[in-house]
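This report covers side-chain pairing, nonpolar packing and overall layout. Keep the sequence and the model side by side while reading.

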Amino acid sequence: MGGSDPHGLTIPAVKALAVIDAEFDVTVVVGPGADHRLDKDVARLAPRFSVVRSPNDLPRLMAEADLGLISFGVTAYELAALGVPAVYMCLSEDHAASASAFERAGMGVSLGVASRIGEANIATEVEELLQDRARRRAMAAAGRMNLDGRGAQRIAAYVKRMVEERA
């Protein structure tokens, strides 16, 4: 939900996940800038969830996940490239528009602007995805297919071609 969770999305997400009636593990990653009370709040609300603050091995944690519940942003790109499906909570209309492109590409599900979604909506979507392994597998494949980690190379090659064409 960002390095400091400035919009307070972690607690509603935890509450939503805590009511899902399914057997699954949850790791809540808390960024370095988040209030230190957040760890205790998560532990109080969902004692069976693991809380990891500022992990040194975040890429490994991400790669091992079956599903991410995240604030849409850079993490959406990272999870998609790793083949991890995600449910996106968006901070703004702009983020919701970008997340809808990920959804259309089959890489995840956008819940829309977070201030307009309830915990029940979050829980329902996550629970449906947890129960649908084939859909998660398809989302994982779509992420790996659409984001290969070579975007910067393609941009650099494009800029180089543009410079060469002008010369």
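D41 and R44 sit in helix α2, three residues apart, which is about one turn of the helix. They form a salt bridge, and their closest N and O atoms are 3.5 Å apart. D41 is partly exposed, with a relative accessible area of 27%. R44 is exposed, at 59%. The model is a predicted one, and the values here are computed from it.

**Salt bridges**

How many salt bridges does the structure hold? The count is 10. Side chains of opposite charge can pair when their charged atoms come close.

| D35 and R37 | 2.6 Å | D35, 37% | R37, 57% |

The bridge between E125 and R135 links distant parts of the chain. E125 belongs to helix α6, while R135 belongs to helix α7, residues 133–146. The two are 10 residues apart.

R48 lies over the face of F24, at 5.0 Å from the ring centre.

**Aromatic pairs**

Across the whole structure, a search finds five aromatic pairs. One of them joins F72 and Y88. Their ring centres are 5.3 Å apart and their planes stand at 85°, so the pair is edge-to-face. F72 lies in the loop between β3 (68–71) and α4 (74–82), and Y88 lies in strand β4, residues 86–90. The pair therefore ties together parts that are 16 residues apart in sequence. Both residues are buried.

Y88 also pairs with F102. This pair is edge-to-face too, at 5.8 Å centre to centre and 90° between the planes. F102 is in helix α5 (residues 93–104) and Y88 in strand β4, so the pair ties together parts 14 residues apart in sequence. Y88 counts as buried because its relative accessibility is 1%. F102 also counts as buried, at 6% relative accessibility.

Which residues make up the aromatic cluster? F72, Y77, Y88 and F102 form one cluster.

**Nonpolar cores**

In soluble globular proteins, nonpolar side chains tend to be buried together. Here the largest nonpolar core holds 28 residues. L69, M89, I122 and V126 touch the most other members. Which elements give two or more residues to this core? They are α1 (10–18), β1 (27–30), α2 (37–45), β4, β5 (108–113) and α6 (119–131).

Leaving aside neighbours within four places in sequence, L69 is in contact with M1, A13, L17, V87, M89, I122 and V126.

A second, separate core has 16 residues, including M62, F72, F102 and V113. F72 and F102 also belong to the aromatic cluster.

**Overall layout**

The chain has eight helices and five strands. From the N terminus on, the order is α-β-α-β-α-β-α-β-α-β-α-α-α. The C-alpha atoms fill a box of roughly 65 × 35 × 30 Å, taken along the principal axes.

Of the 167 residues, 37% count as buried. The accessible surface of the chain comes to about 9800 Å². Carbon and sulfur atoms account for 52% of that surface.

How much of the contact pattern involves residues 24 or more positions apart? Such residues account for 49% of the contacts in the chain with a separation of 6 or more.

How values were computed:
Residues are numbered from 1 along each chain as its sequence is written. This is a predicted model: local features need pLDDT of at least 70, side-chain atom pairs count only at pLDDT 80 or more; totals for chains, interfaces and linings use all residues. Side-chain values use heavy atoms; hydrogens and water are left out. Rings of Phe, Tyr and Trp (its six-membered ring) pair if their centres lie within 6.5 Å; planes under 30 degrees apart count as stacked, over 60 as edge-to-face and the rest as tilted. Helices (H or I, at least four residues) and strands (E, at least two) are DSSP runs, numbered from the N terminus. Buried means under 20% relative accessible area, exposed over 50%, partly exposed in between (1.4 Å probe, protein chains only). A charge sits over a ring if NZ of Lys or CZ of Arg is within 6 Å of the ring centre and within 35 degrees of the ring normal. A nonpolar core is a set of buried Ala, Val, Leu, Ile, Met, Phe, Trp, Tyr and Cys residues joined through side-chain atoms within 4.5 Å. Contact means heavy atoms within 4.5 Å. Accessible areas come from the Shrake-Rupley method with a 1.4 Å probe; for residues, only the protein chains shown count as cover. A salt bridge is a side-chain nitrogen of Lys or Arg within 4 Å of a carboxyl oxygen of Asp or Glu.
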